[in-house]
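Okay, thanks for coming, everyone.

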Amino acid sequence: MKHIPAVHAEGLVKSFGDFRAVDGVDLHVDQGEIYGVLGPNGAGKTTMLKMLATLLPIDGGRAEIFGVDVRRDPHRTRQLLGVTGQYASVDENLTANENLWLFGRLQGVSSRTSRATAAQLLEQFGLQEAANKPISQFSGGMRRRLDLAASLITRPPLIFLDEPTTGLDPRTRGQMWDTIRELVAGGCTVLLTTQYLDEADQLADRIAVIDRGRKVAEGTPDELKASVGNSTLRLRLTDGADQAVAAEVVRRLLGEDPVLSPESGRMNVALATADRAADVLISLREAGIGITSVSVDAPTLDEVFLALTGHDTGDSSDPSAAADKRQLEVAR
Amino acid sequence: MTLQMTQPAPAATPRRLTPGDVAARTTSHNSLRETLSQTMSMAWRATKKMRRNPEQFFDVTIQPLLFTAMFAYLLGGGLSGSVEAYLPLVIPGILAQTALTACMATGVQLREDMEKGVFDRFKSLPMARIAPLAGPMIADLLRYAIASTLTFVTGIAMGYRPGGGVAGVAMAIVLTMIAGWSLAWVFTWVGTLARSAQSVQGISMMIMFPLTFMSNALVPVETLPGWLAAFVKVNPVSYIVTATRDLANDGQITGHVGWALVACAAVIAIFAPLSVRSYKRHL
Ligand SMILES: Nc1ncnc2c1ncn2[C@@H]1O[C@H](COP(=O)(O)OP(=O)(O)OP(=O)(O)O)[C@@H](O)[C@H]1O
Ligand SMILES: [Mg+2]
C-alpha cells in the first residue's frame, strides 16, 4: 500500500514586499516522523509553518498535507492539523479547562466528550491542579503545555510545533521532549522548529537547516553533525603570534582549517570524534606551541551555521556565500 | 555538554493514513448546523469574558442614564415646550443612540481581541469564518437589552408614560436589540479593516455621530433644512427610531416597523459578507 506523506511542499515562497522571508523551500515529511526545522532568528521558520497551516497565503510553490492541497482546500487542511504557535495562543480570559472545552466545541466535539478529553489532557500535561485557574496566573511553562494540549483535543494526525521549548527551563524542556515523543509513539507526525541544535538532535528523525528563507541542508542528525564534526576543540594559545603555525599543524593532522579569532588568540577545531582532541594537543606540543586553556564541546548552532552557510547566525552579509558550501542533500 | 543520540523509541507500527482515511476524516465545508454551533460557542466565550471584565458594561449602564437626563433637560423645553412632552420623542431616539454606541464597542473589542494570540488558534481551526465575528455580537445582545431597559427606566422615572404599555415597550426593546445587532456589522467590518483598536474607535465615531445626530432621533425632521432632511430620511437609524416610537408610544406594529426591519436586513446583507471577507484577508 502506498502511503501519502504528511507534508509535501515544493518551492514554497513568501514575500513581504521585496523581502523574501521564505525563498523556495522544498519539504517532505513522512508519516510517523519527527521532522525538525532548524534555523536562527528570522530564518523564516514561523513564516513557513504559517503557510503550511493556512495562516498565511502561499505566494509561490505548492504544499500538500496528507495529499490535501493547502491552497485549494484550506478547510480540509485545518482538520488534519494541530498548530502550536511560537507565542501562546490560548484565551487569557478563560481557565485552562474552559479553553480546552471551547477548542473542542469549536471543532465539533460534543460537550461531554470535550469535557472528558480536556480533563484527560490536563492530567497528561500535569495541569490538573491549575485546571480552574485563570491563564493569567500560569507560568510560561504551564502556558506552553496548555498550548500544546489545546492542539491535541481532536487528536490530529499532524502537529506543528513552533519553537516548543524556547524559554523553558531544562526540566520543563525535558518534559516537553518526552511529551512530543509520546505523541509520535501514539501515531502522530510532528513538524517542529527550533533554534537549538541539541533539541533537533534529541528529537528529530530528520532535520532541515533553514537560513534566510532557504533550506541549506537536510539530513539525519548524524549526517548533519558529521558534516560539522561531532565536537569542537576550543583552544587559547599562550602567544597569539603562534596562530599561523598552529593552524598549519592542525591542517596537516586533520586535513581541515581551524577557525581562528586573531584578536583573542583563540582557535576552534572541528573534530569528527572527541578523541581526536588528544592528537591535536600532542601535535601542538611537539610543535612547541603553548596553550592556556582547552575545552571540548558539542558544536553550537553557530558552528553548524558557519560550516553550512559560510556565515554565522548574527551576520547578514553577502547571501551568495551561502550557495558555495558543503551540500548535504540526502537522496530520498 | 556532549551530544548523544537518543532517538525516540520506534513506535509500535503506528497506523498510517491513506487518502481514503483523509477523505473520511475531513469534510469540504462547515454545515449550517456546525456554523451555528461554532457561533454559539464563540458567544459563550464572549459572555465569559464579559463576566470577568464587568467594566465592559459601563457604556450600556451609565450612558442611558446620562443621555436621557441630559438631552431631555437640555432640549426638551426648546423643542417640545416641556420635558414631559419631549420624552416620547427623545426616548426612542436615545434608545437607538445607545444601541449604536454599544455596537461601536463591538467593533473596537473585536479588533482588540483579534490582536491576541488566541485568534491565531481560531484561524487555524476548521471553523466557519463568520463564527468569531457573529459570536461576540450575539453575546452583545445582552448589552443592548440592558441599555434599552435602562433607558426606559430612566425615562419613566422622569415622567415618561409610554402609550404602548408593557407590550409596546417590550417590542421596542426587541426592535432595539435587532437594530443593534444589525448595525454592529458595520462596526465589525471597520474592526476587521482598521489597523488598530484605536483607529477603529476613531473611524467608528465618525460613522456613529452622523448616523445618530443626522437622524430624527433627537429632533423632528420638519425642523431641518432640506438637504439635511434628505439625508435624515434615508438614514436607517431614522427608520428604526420611527418604528420604535410607533411601538413604544402607540403600541402599534406599523409599516415603519416593517421598513426598520428591512433596513436592518439590508445592513446585514451588505456588511456581514464584507466583514467575513476582510476577516479572511487578515489571515
Ligand atoms: N508580517 C510580516 N511582515 C513583514 N516581514 C515579516 C512578517 N513576518 C515575518 N517577517 C520577516 O520575515 C523573516 C522571517 O520571519 P520568521 O518569523 O518566519 O522567522 P523565524 O525563523 O520564525 O524567526 P524566530 O526564530 O525569531 O522566530 C524575518 O526577517 C521577519 O522580519
Ligand atoms: Mg519564529
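So, L81(A) stands opposite L158(A) in β7(A). That's one spot in the pairing of β6(A) with strand β7, residues 158–162 of chain A, which is parallel and runs over 4 bridges. Bear in mind as we go that this is a predicted model.

Now look at which way the residues of β6(A) point. L81(A) and V83(A) go one way, G82(A) and T84(A) go the other, and all of them are buried.

Follow β7 out and you get to E163(A), in the loop between β7 and α6 (170–185) of chain A. E163(A) has a phi near 45°, a positive value, and it's not a glycine. As a reminder, most residues other than glycine have a negative phi. Is E163(A) buried or exposed? At 4% relative accessibility, E163(A) counts as buried.

There's another positive phi in R212(A), about 45°, again not a glycine. R212(A) is in the loop between β9 (206–211) and β10 (214–219) of chain A. Those strands make a hairpin with 2 residues between them, and that's where R212(A) takes its positive phi. R212(A) has 25% relative accessibility, so we call R212(A) partly exposed.

While we're here, take β9(A) itself. How many of its residues are buried? It's 6 of 6, so to speak a mostly covered strand. R206(A), A208(A) and I210(A) point one way, with I207(A), V209(A) and D211(A) pointing the other.

β9(A) has a partner in strand β3, residues 34–38 of chain A, and they pair in the parallel sense over 4 bridges. In that pairing V37(A) stands opposite A208(A). β9(A) is also joined to β10(A), by 5 bridges, and those two run antiparallel. Find A208(A) again: its bridge partner in β10(A) is E218(A).

Okay, on to the ligands. Which residues donate to the magnesium ion, ligand 2? On the protein side we have T46(A) through OG1 and Q86(A) through OE1, lying 1.8 to 2.1 Å from the ion. T46(A) is in helix α1 (residues 45–52) and Q86(A) is in the loop between β6 (81–84) and α3 (96–106), all in chain A, so this pair ties together parts that are 40 residues apart in sequence. T46(A) is partly exposed, at 23% relative accessible area. Q86(A) also counts as partly exposed, with 23% relative accessibility.

Then ligand 1. There are 14 residues around it, and the ones that come nearest are N41(A), G42(A), K45(A), T46(A) and T47(A).

Let me give you some distances. K45(A) has a polar side-chain atom 2.8 Å from an oxygen atom of ligand 1. For T47(A), a polar side-chain atom lies 2.5 Å from an oxygen of the ligand. And Q86(A) turns up here too, with a side-chain N or O atom 2.8 Å from an oxygen atom of ligand 1.

Where does the shell come from? The elements giving two or more residues are β2 (19–29) and α1 of chain A. α1(A) gives the most, with 3 residues. By class, the shell has 5 nonpolar, 7 polar and 2 charged residues.

At the β5 end, 2 bridges join β4(A), residues 60–65, to β5(A). There I65(A) stands opposite V68(A).

Last stop, strand β11, residues 231–237 of chain A. Here 5 of the 7 residues are buried, so β11 is largely enclosed by the rest of the structure. β11(A) pairs with β13(A), residues 266–271, in the antiparallel sense over 6 bridges, and L235(A) stands opposite M267(A). 6 bridges also join β11(A) to β14(A), residues 291–297, again antiparallel, and there R234(A) stands opposite S295(A).

Key:
Residues are numbered from 1 along each chain as its sequence is written. Chains are lettered from A and ligands numbered from 1 in the order in which they are written. This is a predicted model: local features need pLDDT of at least 70, side-chain atom pairs count only at pLDDT 80 or more; totals for chains, interfaces and linings use all residues. Side-chain values use heavy atoms; hydrogens and water are left out. Donors are N, O and S atoms within 2.8 Å of the metal (3.2 Å for Na, K and Ca); water is not among the atoms, so sites may look incomplete. Buried means under 20% relative accessible area, exposed over 50%, partly exposed in between (1.4 Å probe, protein chains only). A residue is near a molecule or strand if one of its heavy atoms lies within 4 Å of it. A polar contact is a pair of N or O atoms within 3.5 Å; within protein, one must be able to donate a hydrogen and the other to accept it, and residues adjacent in sequence count only if both atoms are side-chain atoms. Ala, Val, Leu, Ile, Met, Phe, Trp, Tyr, Cys and Pro count as nonpolar, Asp, Glu, Lys and Arg as charged, and the others, Gly among them, as polar. Two strands pair if DSSP finds at least two bridges between them.
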